There are 2 protein chains.
Amino acid sequence: NETFKEKSPADFFYENMDVCGFDNPGRALYTAVRELVENSLDACETAGYLPDIKVKLEEEEKNMFKIVVEDNGPGIPPENIPESFGKVFYSSKYMMKQHRGRFGMGGTMAVMYGQITTQKPVHVVSITKDYITDLKIKIDILNNLPVTEPRNLEEAVELNNTNKHGTIIELWIEGNYKRSRDKIIEYIKQTAMVAPYATIEFIEPDGNRIIYGRVTKEVPSTPKESKPHPKGANFELFNRLCRRRERDKVINFLRKEFQALGKKTSLKILEMAKVDPNKRVKELSEGEKRRIVKGLRNFEGIKPPDASSLAPIGVETFVMGIKRVLEPEFVTATQRPPKAYEGHPFIVEVALAWGGKIPVNEEIKLYRFANRIPLLYDEWNDVSTRVIKKINWKRYDVKTNSPLAVFVHICSTSVPYKTLGKEYIANKPEIRREIHLGILKVCKELQNFLHKKEAKERKMKA
Amino acid sequence: NETFKEKSPADFFYENMDVCGFDNPGRALYTAVRELVENSLDACETAGYLPDIKVKLEEEEKNMFKIVVEDNGPGIPPENIPESFGKVFYSSKYMMKQHRGRFGMGGTMAVMYGQITTQKPVHVVSITKDYITDLKIKIDILNNLPVTEPRNLEEAVELNNTNKHGTIIELWIEGNYKRSRDKIIEYIKQTAMVAPYATIEFIEPDGNRIIYGRVTKEVPSTPKESKPHPKGANFELFNRLCRRRERDKVINFLRKEFQALGKKTSLKILEMAKVDPNKRVKELSEGEKRRIVKGLRNFEGIKPPDASSLAPIGVETFVMGIKRVLEPEFVTATQRPPKAYEGHPFIVEVALAWGGKIPVNEEIKLYRFANRIPLLYDEWNDVSTRVIKKINWKRYDVKTNSPLAVFVHICSTSVPYKTLGKEYIANKPEIRREIHLGILKVCKELQNFLHKKEAKERKMKA
Ligand SMILES: Nc1ncnc2c1ncn2[C@@H]1O[C@H](COP(=O)(O)OP(=O)(O)OP(=O)(O)O)[C@@H](O)[C@H]1O
Ligand SMILES: Nc1ncnc2c1ncn2[C@@H]1O[C@H](COP(=O)(O)OP(=O)(O)OP(=O)(O)O)[C@@H](O)[C@H]1O
Ligand SMILES: [Mg+2]
Ligand SMILES: [Mg+2]
């Protein structure tokens, strides 16, 4: 009597586009631009190139837009292109390393929204070192599979005899530029703020050009893939790792599969779990596994995760980016040491800018970033907002109507987004603590600046 | 060089449990209870039974809980049990009808969290009219498939020779009752508030029993599945419907596949789209389809969706539920007429209670419900909060520190949740408008009550 059904991931998100950031045509235009720009920046940074990104919006018909995003990245290998844009939960970023992308669905959802509102496929031209691919892609939503034009991928590929490389995406979607213009422009501006090594050009539908040229040639360091940290252990992770090293002795298994586990610590954990260190992994009983997992999670004194899987903005780069875009009178930034929440390494960077061209606000203006992505929506529930609200600004001699802006960047191998549209970040106590300590530091520096400034002004009046 | 991978839906959510409401052990306990209780209530209401729900929490070890949820619902057919709890995106509620459930993942995610934190399977005993099934289920996360114990489902099933029916779920998870106790108790209380026809019993880990016995025997009306409304038309929907009736004439196809389309309106839409009404669906060109979809979406004067797919609480039932739980001095409720957003029918119900046992609050206390689910988290970004914030309460003679509570219930075939944890609702203008109008009405009624009360008090003093 009940109609039990299963759904493909594409069909599921087709029915639930609000949870992916495609709420309405205005918001969809913003999200589509965001997802494509983040893919381009990820690609360039992973390859170590200084990004040149061009975004163009054209209103082809009333409320029907063509979005063009072009980058000088490494391109996409031909065989991976159809699924990269025509399959939900397909990604090259499913690993413990910092990228903007993480879900394996952003590009595909933009294609889906375009397809259901305009009937048009996405047009991808991607140039790698070896190949040039020119392909149109739609999604078979019921089956979560790409449908390409031409049908046969080989007809879309030729050898690359140039030394060019990069990707051009052309996407048609129903949109509302009036509604989303301010947010899109702000997104481009804030993206440039935390990526001063990138040149980003945005051409509006009326032809107006907004350019942020790079102000540094220093490419950000490329993060390395890291092993899981013991504090993130759970039974699923443990069982998967066990299957990879069944014949190893458990003492060697622990040290090879987890980071931050030296010989001494591993022996202690096994001793507390009452497990013989020389036992083979495949011979561990369920009870022994349970005690080991518990031990990994609860053992006090494991080193914090190493931060080589992270790529923070850096204090100097952060200051440079804020100066370029907001031209404040005073700006300071701080980087907290690497920490972890639930086994995931993270670094918090906090900056504060005052005066100059920063407008006077009744409320403290908060800029939020996660893995260098500007977060422009749903700030009220965000972990950073919770911290800002609890700061007693008067203690630092900050008046209520101040030309003040605060910037919080959280980078992690696993940013704890609460939504698939990457709108805001969960209230993790470890992260909240680091934001709080970062803000206290930049507040003190602001206080010193305001005192010096006030002393100077009194001197000049005297 | 790039490691392109695909993930199963189970594996994806295993890596992203924050987006499903499993942020930490305290929150996980709340979400698991919520998901199981909502499944039980859905099952009873769909079958037309007065729900008897029993929830029991036992702390078997420090921070390891056994959750038992028992209902007198229709049970689950044996062949559907493994996937109902062992497969993400599997549901009997994927249709245009109001239920609490909608995503096809709540029960499965609770099982997953339990499995990765305790290694234990869920234990399901389900009794339908014909069968009794007793089964333990785990999830093969990498493949999104159930793994049952016993392996062979038939060994778990016997004939039902009793006239009992219902389902018992036993689930073991890592939890933190100290952290989530207040929220769980509030959730049970608010569930009872909008389901006064249900008897709900909650037994805490220390043995304390909280019972809400039913105060009415009136079962809520069972919603009927409805056809899509033209305003929700997009190319994917249209193409799927076309495939079902390829040989029909397009004029008949429109009237059969969409609701609210009479012969006159359908002819007008086809005329504006320049399509011959007698043309067969499979002969429509891409251009013709495009113009028809546009016409369906934009045509002014299509009747609003019919509300038979909805089951609002009802003004009297809402008042009864609020009275029973909060014992106010004054309570009023109103039901807005059925409307639609993006083709999805919805009804807004607003209630307001004042005085009696309602505590004085500095801020207006807002209770939010969607399809009878109490929403207890992330209220700041919710559409209802936005409306409440803009109300000028002084206009209705409401003082700042008032014993006042406002209740908003939104029911729809497609509640526009922003999160898969069903935390808050998107800011849809059509819904916002109805909430606003509902609040204005109950505010005026409150104002009348306060005037009468004040007049009475002045008389008594004189
Ligand atoms: N401009 C590009 N250059 C190179 N590779 C790209 C580009 N755009 C997309 N890709 C590839 O396509 C894959 C899928 O992109 P998609 O945006 O759907 O997911 P993602 O970026 O991995 O994760 P998220 O959903 O969080 O954005 C990416 O992982 C990347 O490998
Ligand atoms: N107590 C129950 N009685 C009867 N059927 C049940 C019960 N619990 C679960 N089910 C069945 O199992 C299916 C899957 O449940 P699950 O919670 O995973 O998804 P859902 O309720 O359909 O959607 P959502 O994820 O929004 O809760 C349900 O659709 C329902 O058919
Ligand atoms: Mg992406
Ligand atoms: Mg459910």
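Predicted model: local features only at pLDDT ≥ 70, side-chain atom pairs only at ≥ 80, totals over all residues.

**Exercise 1: neighbours of A:F13**

Task: list what A:F13 touches, skipping residues up to four places away in sequence.

Solution. Take contact as heavy atoms within 4.5 Å. Within chain A, the partners are A:V19, A:C20, A:V88, A:F89, A:M105, A:M109 and A:L420.

Residues are numbered from 1 along each chain as its sequence is written, chains are lettered from A and ligands numbered from 1 in the order in which they are written, and side-chain values use heavy atoms, with hydrogens and water left out.

**Exercise 2: helix α6 of chain B**

Solution. Call a residue buried under 20% relative accessible area (1.4 Å probe, protein chains only); helices are DSSP runs of H or I, at least four residues, numbered from the N terminus. Eight of the ten residues in 235-244 are buried, so the rest of the structure largely encloses this helix. Among them are B:F235, B:L237 and B:R240. Their packing partners are α1 (9-15) and α4 (106-118) of chain A, plus α7 (250-257) and α9 (286-298) of chain B.

**Exercise 3: chain A overall**

Task: what share of chain A is buried?

Solution. Of its 462 residues, 60% are buried. For the fold, count twelve helices and 17 strands, where strands are E runs of at least two. Finally, the C-alpha atoms fill a box of roughly 80 × 65 × 60 Å along the principal axes.

Key:
Buried < 20%, exposed > 50% of the residue type's maximum accessible area, 1.4 Å probe, protein only.
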